[in-house]
Amino acid sequence: MIKELHEKLISGETTSTKLTEEYFGKIEKKDKDIQAYLTLTKDLALEQARAVDEKIKKGEAVDILAGLPCAIKDNMCIAGVRTTAASKILDNYIAPYDATAIRKLKEKKAVFLGKTNLDEFAMGSSTENSAYQITRNPNDLERVPGGSSGGSAAAVAGDEAVWALGSDTGGSIRQPASFCGIVGLKPTYGRVSRHGLLAMASSLDQIGPLAKTVEDAAIVLSRIIGEDGKDATVASEFGKKYEDYLTGDISKIKIGVPKEYMADGMDEKVKEKFQEAVDKFKKMGAEVREISLPHSKYSLAAYYLIMPSEVSSNLARFDGIKYGFRADDQKDSDFDGIARNLFETYLDTRKYGLGKEVKRRIFLGTYALSAGYYDAYYLKAQKVRALIKKDFEETLEEVDFIFSPTTPETAFKIGEKTEDPLRMYLSDVFTISANLSGVPAISFPIGKINEEDGKELPIGGQLMGKWFDEEGILNAAHAFEIN
């Protein structure tokens with residue numbers, strides 16, 4: 001889709017300004033139902049579009065992303081634009097600088113339509129935890145789009161953006177991509193700079209693309225990677241263009257299917273559709289075999305100790321003094337025994353500024369890190385994480401990629417899991433291992449499933465690969481897509 005639109009811009013069949021106005025027209029028509037966007041940046045977008053049109057008119061070379069309208073998850077900073085992370089505590093926060101990924105996209109002259117909705121501070125699997133609105137799945141407005149990058153996924157799936165950026169801490173790009181029937185890529189930890197991404201869990205967070213096709217995801221990824229002096233975890237890159245690796249040939253690759261992922265609890269229709277995808281890979285010439293990731297059964301437990309621990313630390317900065325909302329009413333705190341003073345401001349700001357799920361995770365993390373419990377919980381979870389990573393190291397010596405369904409079910413109905421956090425957390429059961437181990441992973445559509453209510457919903461397959469082998473998983477997913 002990106003290549004086609006780029007060719008139309010270059011040939012003069014359309015202009016970036018016309019294209020941008022078309023997308024704002026679609027947003028005006030559709031977004032009152034889907035509610036993918038929190039903030040629209042129309043003036044900025046049209047200014048960026050006119051600049052690209054001027055360059056093309058002068059015959060200057062432009063990048064393939066130049067002039068194409070995109071959406072940005074609202075936990076990434078764009079200078080001068082409201083950045084809320086879907087939290088009331090940042091309701092009036094205007095970012096003073098660009099995230100590194102945004103700076104790189106500006107250099108390529110991408111056009112920013114606006115900021116998309118998410119679960120508050122990216123904590124959730126349905127985009128129902130936003131402090132502002134519930135985003136709906138364009139395939140069925142009664143269902144969730146997944147989370148936490150649900151706004152970005154819904155914007156792409158609903159034709160309200162050509163592509164979008166999301167962030168993935170435990171599956172937040174891949175799970176919504178699966179629910180919405182699009183492609184979502186979590187790069188290797190360290191492939192994309194996290195500078196300017198509002199931190200949730202710093203050892204797990206990654207920025208990545210959501211797009212209609214694998215090729216589009218590859219094009220976007222190529223333009224946001226690279227060394228960054230503001231993020232010491234980022235690896236060097238040498239101008240790699242991932243779209244050049246999409247040969248469609250997977251005849252000699254080995255794919256492993258973890259037997260632990262095929263356990264009871266998965267929707268039978270998902271299992272059936274996944275088996276069809278395995279058979280398709282075999283017909284295309286890949287060797288598919290059963291493998292074992294013996295410590296994967298501990299992934300969810302380890303993740304829900306490590307992630308909240310990092311959340312409790314990262315979100316301590318939101319105290320009403322430096323950023324956003326402040327509850328400074330010159331009255332005694334609602335908490336018993338706390339008199340009117342600075343501490344009262346801290347407590348009341350966080351009480352009224354943060355949502356229920358965010359507080360739950362801060363409590364969990366603070367408890368796990370507290371004296372007397374650190375060794376029993378956080379340290380043990382880190383040891384389990386090391387074992388999970390070792391499983392991946394050993395397995396990826398035997399096979400090139402690990403294949404599984406992205407989620408154990410299709411998109412669920414709005415409100416279905418809001419009162420049962422454990423059921424909600426299980427939505428990420430197949431995706432969190434990639435974050436704990438740091439490997440790259442991609443979700444791409446493998447088919448549609450007819451639900452009991454007659455709705456036909458998409459389901460995604462997930463390929464995980466060796467560290468920094470994004471070109472490998474992109475090529476395998478692309479081969480599946482075009483065959």
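A residue is called buried when its relative accessible area is under 20%, exposed when it is over 50%, and partly exposed in between. The model considered here is a predicted one. In this model, Tyr367 has a relative accessible area of 43%, and therefore it counts as partly exposed. Tyr367 belongs to helix 11, which covers residues 356–369. On the surface, Tyr367 forms a nonpolar patch with Tyr373 and Tyr377. Together, these three residues have about 290 Å² of accessible area.

How many cavities of 30 Å³ or more does the structure hold? There are 2 of them.

The largest cavity has a volume of about 70 Å³. Its lining consists of 14 residues, and those closest to the centre of the cavity are Ala122, Gly124, Ser172, Tyr303 and Asp428. Sorted by class, the lining of this largest cavity contains 8 polar, 4 nonpolar and 2 charged residues.

The second largest cavity holds about 60 Å³ of space. Among the residues that line the second largest cavity are Asn75, Ala85, Phe121, Ala122, Ser167 and Thr169. The lining of this cavity also includes Leu197, Leu198, Ala199, Met200 and Asp205. Which classes make up the lining of the second largest cavity? It comprises 7 nonpolar residues, 3 polar residues and 1 charged residue.

Key
Residues numbered from 1 in each chain as written. Predicted model: local features only at pLDDT ≥ 70, side-chain atom pairs only at ≥ 80, totals over all residues. Heavy atoms only, no water. Patch = residues over 30% accessible without salt bridge, like charges linked within 9 Å, V, L, I, M, F, W, Y side chains within 5 Å. Areas by Shrake-Rupley, 256 points an atom, 1.4 Å probe, with all protein chains shown as cover. Salt bridge = Lys/Arg side-chain N within 4 Å of Asp/Glu carboxyl O. Helix = DSSP H or I, 4+ residues; strand = E, 2+ residues; numbered from the N terminus. Buried < 20%, exposed > 50% of the residue type's maximum accessible area, 1.4 Å probe, protein only. 1 Å grid on protein atoms, 1.4 Å probe; cavity = no way out; pocket = protein on both sides within 12 Å on 5 of 7 lines; lining within 4 Å. Points joined across faces, edges and corners; volume = space filled by probe spheres on them. Nonpolar A, V, L, I, M, F, W, Y, C, P; charged D, E, K, R; others polar.
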